[in-house]
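Thanks for coming, everyone. Please bring up the model on your screens, and I'll walk you through it.

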Amino acid sequence: MIQFLKLLFRNRLAALGAVTLSFTLLLAVLTPILPLPNPNITATADRFLPPFSDGHLLGTDHLGRDLFSRLMWGTRLSLAVGAAAALIAAFIGSTIGIVAGFMGGRTDNIIMRLVDMLMAFPYILLALAIVAALGPGLVNALFAVAAVNIPFFARNIRGVTVGLANKEFVDAARLSGMSNLQIILFEILPNVLPVIVIAMSTTVGWMILETAGLSFLGLGSQPPQADLGSMLGEARAALITSPHTSIVPGIMIFLIVMSINLLGDGVRDAIDPRLKSGALSRPLPATIVERDTTPPAPSDDLLALQDLRTEFHVGDRTYKAVGGVSLKVNKGECLGIIGESGSGKSVTALSVMGLVASPPGKIVGGAVSFQGNDLVGASYDQLRELRGDRVAYIFQDPLSTLHPLYKVGDQLIEAMQAHRKMPEKEARARAVELLEAVRIPNAARRVDNYPHEMSGGMRQRVSIAMALANEPDVIIADEPTTALDVTVQAQILTLLDELRRERDLAIVFITHDFGVVAQLCDRVAVMYAGRIVEEGPTAPILDDPQHPYTKKLMACVPELGGGKRELHAIPGLPPAVDRLPQGCAFAPRCEFAQEVCKQGEITLDANGDRAVRCLFPDKVSQTEVTS
Amino acid sequence: MNALEVKNLTKTFEVGKSLFTKGQGVKAVRGMSFDVRDGETLGIVGESGCGKSTLARMLVGLLPPSEGEIQIEGKVQDKASPREFGQMIQYVFQDPISSLNPRKTIREIMETPLKRLHGMSKAERNKRISEIFASVNLREEFLSRYPHEFSGGQAQRIGIARALAAAARILILDEPVSALDVSVQAQVLNLLADLKKEFGLTYLFISHDLAVVEAVSDRVMVLYFGAIVEVGPADAIFKNAKHPYTKLLADSAPVVGRALEAPKQKADELPDPLNPPTGCPFAKRCIYATDICETTDPALIEMGDDHFAACHNPIKG
Ligand SMILES: Nc1ncnc2c1ncn2[C@@H]1O[C@H](COP(=O)(O)OP(=O)(O)OP(=O)(O)O)[C@@H](O)[C@H]1O
Ligand code: SF4
Ligand code: SF4
Ligand SMILES: [Mg+2]
C-alpha cells in the first residue's frame with residue numbers, strides 16, 4: 001500500500017489531481033456546517049452582484065442568490081449524483097459482465113449482443129431518451145447516466161472474467177465442491193475487484209459531466225435546487241452581461257473532472273505491474289553497457305564470449321544473471337548450453353547482440369568478440385546491421401518472431417530486404433527456396449500462408465527459414481523445440497544438423513535436454529546460477545561428468561528404455577542470483593561440499609579441452625550417483 | 001476391482017456455432033474404452049491436440065461426455081458433476097501457479113475441499129491440513145502465504161496437497177512436472193510415488209515425455225487423433241511397440257548415445273478434425289500402410305500379454 005502511494009505520487013499530475021480532489025471533497029463534506037447563506041433565498045434587488053461584493057464572496061446570480069453558497073451546495077450534489085451513478089453503473093455493469101464472462105456460450109452471446117445494441121446508440125441521445133421516458137428530475141437523470149455507462153463496465157469486466165474463468169484455479173474450485181455462485185463470489189470477484197475500481201475511477205469524472213449536461217438542459221435538477229449543471233444552464237442567458245455566473249460553476253466542473261481523471265490515470269498506471277519492476281520506459285534498442293573493467297582483446301574465433309557479465313538492476317537489488325561467461329564457437333560447430341530455468345542461458349544468448357531489455361538489464365563486464373570485433377562496445381547501427389544478417393536468433397515460441405497479420409512469405413522477403421536491396425521477384429523466389437530448404441512441403445503455395453494457418457512445427461520451421469534468410473554465420477537457437485512434440489522435435493533437430501553441415505553454420509543451441517545435446521552438439525557448456533560449471537566436448541562430459549551438478553542433473557532425467565524406477569533428485573532449489581552464496585553456488589545442494597567450498601572464488605579450471613568449476617572433480621568422477 | 005472403467009467415451013465439440021447457425025461437430029475423443037486397475041499408474045501419452053486433456057476433464061466431471069459411460073470405483077456416473085466426482089477422483093494441473101487463486105492464502109485454498117466436500121469443522125480441518133502438509137513435505141508456515149510467493153515445485157506440492165485433501169483415491173496428473181525444472185521434477189515424481197504407497201492411490205499420469213511416463217507407469221496408453229492406438233505394460237510398449245505410431249514416438253525421443261535421425265514417415269500432418277479420414281487416421285504418415293488402412297479404421301485388439309493395439313499391420317517382434 002505504501003509502495004502504491006509512492007508510485008502514485010511519483011506521477012506529478014496524479015498528485016495534483018489527488019490534492020485538488022481531496023480539497024473539493026473536503027469542502028463538499030463541510031458545506032452543511034459552514035456558515036453559508038441559504039442557497040435558495042432569492043433577493044431580486046441584489047441581482048447579478050459581481051464577485052467580492054459585500055456579503056457575497058462570488059457575487060449573486062439572476063435571482064440574487066448567493067453564488068458561493070450555491071456553488072458549494074451544487075458541487076456537493078453533483079459529486080454525490082456522479083458517484084451514485086458510477087456505483088450503480090459499476091454494480092449492474094460488472095454483474096452483467098461477470099455473469100456473461102463466466103457462463104460463456106449462449107448466455108454470453110445473448111447478453112453481449114444486447115449490450116452491443118445499447119452501445120450502438122449515440123450516448124447522449126440514449127440518456128435523453130431515458131429521461132424523456134422517465135420525466136425530468138435529478139434522480140431520473142442519475143438513472144439515465146448510470147444506464148448509459150453500464151455497457152462500458154459490462155464489456156470491460158466480461159473481458160477480464162473470460163480470462164479468469166478459463167484459469168485452472170476455477171476448475172480446481174469446482175473439484176473442491178464449490179458451486180457456480182460460490183466460485184463467482186469467492187474466486188472470480190476478488191480478482192476482478194481491482195479492475196472494477198480502476199474502471200470506476202476513470203469514469204466517475206465523465207459521469208459527473210454527463211449529469212451536469214442533463215441538468216444544463218433542464219432535465220436534471222429542478223429549480224430551485226442547485227447542481228453545477230443547472231447553475232450553468234440558468235446563467236446561460238446572462239453569459240455576456242454577467243459572465244461570472246457561468247464562469248464560477250464552469251471552473252468547478254473543470255476542476256472536478258480534471259482532478260478525477262488525472263488521479264484515475266495515475267491509479268491505473270500505479271497498479272500496472274510493469275511500473276513496479278522499474279520498466280516504466282520502453283526498453284532501449286540495445287542493452288546499456290557500463291563496463292567496470294577494460295575489455296579483453298578480441299579473439300580469433302568466429303564468435304567468442306569473454307568473461308561476459310550481465311546484470312539486472314531492479315530497485316536496490318542486483319541480479320547477476322550472467323556472472324562471467326566465456327564461450328566460443330567456430331564455423332560448422334554446434335555448441336550446446338544446458339541448464340535449468342533461471343541459470344542465465346537466455347540472457348547469455350541475448351547479450352551477444354545487445355538484445356537484453358534495458359533498463360533493467362546492463363552489460364557490466366567482458367566482451368563479445370565476433371569476427372575479431374567487440375560487439376559489446378559496438379554502436380547501435382553496427383549491431384542492427386549484424387542482427388538477423390550475420391547472427392540470427394530462433395526462439396522457443398515461433399510466434400515471437402512471426403507477425404500474425406502478415407503472410408510468412410512477405411515476412412521472409414522483408415527480412416532479406418532489410419539488409420540488402422533485392423528486386424521483389426527475386427526475393428520471392430528466394431523465399432520459396434528458403435521454405436524448401438527447411439523442408440516445408442509445397443513451399444510455393446505455403447509462402448502465402450499466414451502463421452496461424454500453419455502447425456506449431458511448421459511455424460518453427462518458418463522461423464528457422466527467417467534465421468537463414470541472410471545466410472548468417474551464426475545461429476543462436478534458444479530452446480527452439482521445447483514447445484514441440486517429440487516427432488516434430490526430431491525433424492527440427494535433424495534439419496538444423498543438416499543445415500549446419502551444408503552451410504558451415506555455427507550454432508549455439510540452448511536446451512535443458514541432455515538427449516538433444518548428445519545428438520546435436522559437438523561441445524557443451526553446463527550453466528548454474530549464471531556461470532559455467534563445466535565445459536568441453538560433449539561425449540566425454542556425458543560419459544564422465546566431473547562437476548557434481550552435471551552428474552546429478554543427468555541422473556535426474558530419466559532416459560527411455562529404463563523401465564519403472566525411482567528417480568534421482570537434487571535436494572533444494574537453485575540459488576537466487578541476487579543473493580549468491582560465498583564460494584561455490586552449488587555448495588548448499590552438493591554432497592561433496594567441504595568447508596573450503598564455501599569460501600572465496602572457485603575458478604573454472606581447464607584440464608585438456610575440458611574445464612570444470614569444482615574443487616574435487618576427481619572425487620566426483622569416481623563416485624556412483626546415489627539419491 | 002477396477003478403479004475406473006470407461007466405455008465408448010466420446011466428446012464432440014461444436015465449432016463455428018453462432019446464435020443462429022448450428023456448428024459443425026468435431027470429435028476430440030472418439031469412443032475410448034479402457035480400465036484403470038486399482039492401485040496402478042496408467043500413463044497416457046500422445047501429441048498435442050490428441051485429446052488427452054479432453055479425456056481427463058471428462059473423467060473428473062468438468063466436461064460432460066457426448067456419449068459413453070464412466071464408472072468410478074464401481075459406481076456409474078450419469079451426470080457430470082465435479083462436486084460428486086471430486087470425492088472420488090481429483091485433478092493435478094499442469095501449470096501449478098495458475099491452478100492456485102492468486103488472491104487466496106494457501107490455507108484458504110486447502111480448506112475449500114475439506115469444507116465443501118466433507119463439511120469438516122474448523123478444528124478437524126486444521127488437523128487434516130497439518131497431516132497432509134506433513135506428507136507432502138511442506139512447512140505449515142506456508143499456510144498464511146499467497147501463491148506468488150512459491151516456486152513452481154512448491155506450488156505443485158500445494159496442488160497435490162489440495163487434491164489429497166479431497167480424500168479422493170484416484171488422481172489425474174495432467175503433465176504434473178512439465179512446467180518444472182528437471183532437478184525439481186524428480187523431487188515431485190518421487191513424492192508422488194511415496195504418496196501412492198502411503199495412501200494406496202491410483203494414478204492417471206498424462207505426459208508428453210515418454211521417458212518420464214515409462215519411469216513412473218505400470219501400463220501406458222498411447223493416444224492418436226482422439227482414440228487409443230496402443231495400450232500395454234510400460235516396460236514393453238516402447239521397446240516392443242506394435243503400433244507404427246508408438247514406434248515413431250519412441251524413435252523420435254532424443255536419447256544419449258543414439259545418432260540424430262528423424263524417423264521415417266510419409267508426411268507429418270495430422271488429420272483434419274473437421275474432415276476426419278474414413279480409414280486409419282495414421283495412414284497418411286504410416287510407412288506400413290496398405291490398402292485396407294485407407295478404408296477401415298482398425299479396432300483395438302489384443303496382440304500380446306496384456307498388450308493391445310489398433311493396427312492392420314502391427315509390427316512383429
Ligand atoms: N472447447 C473446444 N472447442 C473446440 N475444440 C476443442 C475444444 N477443446 C479442445 N478442442 C480440440 O480437441 C482436441 C483435443 O484437445 P486437448 O486439449 O484434449 O489436447 P491435448 O492432447 O491435451 O493437447 P496438449 O498436449 O496440447 O494440451 C484438439 O483438436 C482441440 O483443438
Ligand atoms: S566446489 Fe565443492 S560444493 Fe562446489 S561443486 Fe565442487 S565439491 Fe561441490
Ligand atoms: S492400420 Fe495401417 S495405416 Fe494405420 S497404423 Fe496400422 S499399418 Fe499404419
Ligand atoms: Mg493438454
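UniProt, in an unreviewed entry, gives residues 75-264 of chain A the label "domain: ABC transmembrane type-1". Keep in mind that this is a predicted model. How much of that stretch is helix? Over residues 75-264 of chain A, 84% is helix and 0% is strand.

The unreviewed UniProt entry places "domain: ABC transporter" at residues 303-554 of chain A. Here the make-up is 37% helix and 28% strand. From end to end, the C-alpha atoms of residues 303-554 lie 28 Å apart.

Now the transmembrane regions. The unreviewed UniProt entry lists residues 12-34, 77-102, 184-209 and 246-264 of chain A under that name. Take two of them. Residues 12-34 of chain A are 83% helix and 0% strand, with end C-alpha atoms 31 Å apart. Residues 184-209 of chain A are 100% helix, and their end C-alpha atoms lie 33 Å apart.

Stay on chain A for a surface feature. Which residues make the nonpolar patch of about 460 Å²? They are Ile247(A), Ile251(A), Phe254(A), Leu255(A) and Met258(A). Met258(A) sits in helix α10, residues 244-271. Its relative accessibility is 35%, so Met258(A) counts as partly exposed.

On to the ligands. Ligand 2 has chain A residues around it, among them Cys584(A), Cys590(A), Cys597(A) and Cys614(A). His547(A) and Phe592(A) are also part of that shell. By class, the shell around ligand 2 holds 11 nonpolar residues, 1 polar and no charged.

Ligand 3 is surrounded by 13 residues. Which are the closest? Cys280(B), Cys286(B), Cys293(B), Cys311(B) and His312(B). The shell around ligand 3 splits into 10 nonpolar, 3 polar and no charged residues.

Last, some backbone details. The peptide bond from Pro223(A) to Pro224(A) is cis, with omega near 5°. Pro224(A) is in the loop between α8 (180-216) and α9 (228-235) of chain A.

Phe52(A) is not a glycine, yet its phi is positive, near 65°. You'll find Phe52(A) in the loop between α2 (12-30) and α3 (67-103) of chain A. Buried or exposed? Phe52(A) is exposed, because its relative accessible area is 69%.

Over in chain B, Glu73(B) also has a positive phi, about 45°. Glu73(B) lies in the loop between β4 (67-72) and β5 (75-77) of chain B. At 26% relative accessibility, Glu73(B) is partly exposed.

Technical notes: Residues are numbered from 1 along each chain as its sequence is written. Chains are lettered from A and ligands numbered from 1 in the order in which they are written. This is a predicted model: local features need pLDDT of at least 70, side-chain atom pairs count only at pLDDT 80 or more; totals for chains, interfaces and linings use all residues. Side-chain values use heavy atoms; hydrogens and water are left out. UniProt positions are given in the numbering used here, feature names are shortened, and annotations may be inferred rather than shown by experiment. Helices (H or I, at least four residues) and strands (E, at least two) are DSSP runs, numbered from the N terminus. Patches are made of residues with over 30% relative accessible area and no salt bridge: like charges are joined within 9 Å, nonpolar side chains (Val, Leu, Ile, Met, Phe, Trp, Tyr) within 5 Å. Accessible areas come from the Shrake-Rupley method with a 1.4 Å probe; for residues, only the protein chains shown count as cover. A salt bridge is a side-chain nitrogen of Lys or Arg within 4 Å of a carboxyl oxygen of Asp or Glu. Buried means under 20% relative accessible area, exposed over 50%, partly exposed in between (1.4 Å probe, protein chains only). A residue is near a molecule or strand if one of its heavy atoms lies within 4 Å of it. Ala, Val, Leu, Ile, Met, Phe, Trp, Tyr, Cys and Pro count as nonpolar, Asp, Glu, Lys and Arg as charged, and the others, Gly among them, as polar.
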